[in-house]
Amino acid sequence: MELQAWLAEAEHNDAFFKQITDKNELREKLRLYASADSEAIWKKTLQKIDGGAKLIDLYPEKKTIKMPVGKIAAAAVAILFISFGGWYFSTQYTTSQTAKTDKTDSGAQYRILPGGNKATLTLADGSTIILNAVQNGNLADQGHMLITKTDGRLIYNRKQDADGSANSTDLYNTVTTPRGGEYKITLPDGSKVWLNAASSLRFPIAFAGNERIVELTGEAYFEVNPQIQPGSKQQKGQVAKTPFIVKINTPAGNKNEVEVLGTHFNVMAYTEEGAIRTTLVEGKVKVTSGNNFQTISPGEQAKLRSGNISVQNVDAEDVIGWTNGFIPVGGHDLEYTMRQIARWYDVNIEYQGKKPDIVFEGKLPRAGSIEDIIKLLNLNNIKARVNEKARTIIVTS
């Protein structure tokens with residue numbers, strides 16, 4: 001059912017699926033794969049790395065294995081998916097330059113690690129809970145809501161014996177992530193939020209009335225749960241839905257908002273980005289700044305800068321790639337990519353000489369080590385090295 005739904009979402013999904021399951025194409029892929037002399041390729045690779053290297057055979061002589069015809073398609077599918085996965089990490093690689101790392105100290109205290117599930121929960125009374133330092137289970141009672149931690153997600157559920165005597169709408173919680181942290185939250189209305197690094201989300205522990213309002217600093221991806229307005233009556237086959245409003249906190253204090261009725265969207269509002277970007281994946285949203293507003297459709301991004309709103313088409317799946325384990329890079333300049341890396345690995349970026357006019361076109365895995373990230377940058381002609389002691393990536397022209 002999930003596959004059929006995905007195929008129906010877009011024509012290119014269906015076209016891609018047909019391509020990777022075409023028997024003739026799979027047979028050709030398998031023929032090319034079988035005809036390759038892997039041992040010769042391996043030796044050639046070693047000689048490129050070090051022309052004087054001594055080659056040692058680690059495997060016995062290659063034997064020919066006849067594969068039953070019935071297994072050809074399955075093997076080819078596996079090969080194709082492996083190739084496709086490799087493409088994600090190596091698209092547009094044009095050089096084999098080896099990454100350089102400044103090892104000023106080999107101690108573990110300077111080791112730079114990728115980010116993870118790290119966040120702080122601030123309760124209505126001002127007390128705090130370090131979420132990555134506590135075990136799964138019930139964390140607190142707030143009004144008639146029970147707060148639970150489950151495998152990197154914070155969940156708000158109404159207590160079964162709650163009588164509603166406490167006014168939960170006056171109680172606010174805040175989840176804050178550091179640089180190198182992320183966290184998932186299931187809000188009291190069932191909406192899901194992915195909070196990116198160096199971000200915060202403030203929300204009431206219970207939504208009531210004709211609108212649901214949360215406050216965001218940084219970046220978050222929302223999957224809003226549609227909700228019928230209390231006391232609304234059905235008219236002409238439709239019912240009034242409770243708007244979900246994201247108020248965006250900025251140093252300038254402008255009244256920037258994203259209003260939705262039930263949709264999937266991403267909001268990036270980091271100060272250092274110079275603009276607030278709202279990207280729509282599904283549904284419809286209205287972006288507002290003062291008296292200006294724009295309504296956008298799926299695949300569009302509203303960029304808000306100095307009170308002005310512009311709309312452009314983007315690859316929405318790339319924008320929300322951070323929720324699926326990748327650092328978004330596609331279609332953006334190098335400085336954008338480096339800021340994403342800096343927030344996730346909690347490092348500084350230093351440019352020596354002229355900033356390279358290069359766009360990274362592949363994929364950067366958020367689970368990769370800092371050494372892996374440097375190698376991938378270098379393979380894209382981006383000369384970079386890391387000083388672990390100073391927690392700094394140095395990019396040279």
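**Salt bridges and helix packing in a predicted model**

Aspartate 318 is buried, with a relative accessible area of 7%. The model in which this residue is described is predicted. Aspartate 318 forms a salt bridge with lysine 363. The closest N and O atoms of the two side chains are 3.5 Å apart.

The protein has 397 residues, and 37% of them are buried. Its secondary structure comprises eight helices and 25 strands. The accessible surface comes to about 22400 Å². Carbon and sulfur atoms account for 50% of that surface. Contacts between residues at least 6 apart in sequence were also examined; of these, 53% join residues at least 24 apart.

Twelve salt bridges are found in the whole structure. One of them joins the side chains of glutamate 272 and arginine 343, at 2.8 Å from N to O. Glutamate 272 is in the loop between strand S15 (264–269) and strand S16 (276–282), and arginine 343 is in helix H7 (residues 334–345), so this pair ties together parts 71 residues apart in sequence. Glutamate 272 is partly exposed, with a relative accessible area of 44%. Arginine 343 is buried, at 4%.

Arginine 343 also meets the side chain of glutamate 273 in a salt bridge, at 3.0 Å from N to O. This pair again links distant parts of the chain, 70 residues apart. Glutamate 273 is in the loop between S15 and S16, and arginine 343 is in helix H7. Both glutamate 273 and arginine 343 are buried. These residues are part of a network of salt bridges that links Glu272, Glu273, Arg277, Arg339 and Arg343.

Helix H7 also packs with helix H8 (residues 370–379). The angle between them is about 170°, and their axes are 12 Å apart. H7 and H8 are therefore roughly antiparallel to each other, because the angle is over the cut-off of 145 degrees. From H7, the contact involves Met338, Ile341 and Tyr345. From H8, Ile370, Ile373 and Leu377 take part. By class, the contact of H7 with H8 has six nonpolar residues, no polar and no charged ones.

Helix H1 (residues 2–9) packs with helix H2 (residues 11–20) at an angle of about 120°. Their axes are 5 Å apart. This angle makes H1 oblique to H2. Leu3, Trp6, Leu7 and Glu9 in H1 meet Asn13, Asp14, Phe16 and Phe17 in H2. The contact of H1 with H2 divides into five nonpolar, one polar and two charged residues. Among the charged residues are Glu9 in H1 and Asp14 in H2.

Notes: Residues are numbered from 1 along each chain as its sequence is written. This is a predicted model: local features need pLDDT of at least 70, side-chain atom pairs count only at pLDDT 80 or more; totals for chains, interfaces and linings use all residues. Side-chain values use heavy atoms; hydrogens and water are left out. Axes are lines fitted to C-alpha atoms, for helices over the stretch in contact, and angles run from 0 to 180 degrees between N-to-C directions. Helices (H or I, at least four residues) and strands (E, at least two) are DSSP runs, numbered from the N terminus. Angles under 35 degrees count as roughly parallel, over 145 as roughly antiparallel, 65 to 115 as roughly perpendicular and the rest as oblique. Contact means heavy atoms within 4.5 Å. Buried means under 20% relative accessible area, exposed over 50%, partly exposed in between (1.4 Å probe, protein chains only). Accessible areas come from the Shrake-Rupley method with a 1.4 Å probe; for residues, only the protein chains shown count as cover. A salt bridge is a side-chain nitrogen of Lys or Arg within 4 Å of a carboxyl oxygen of Asp or Glu.
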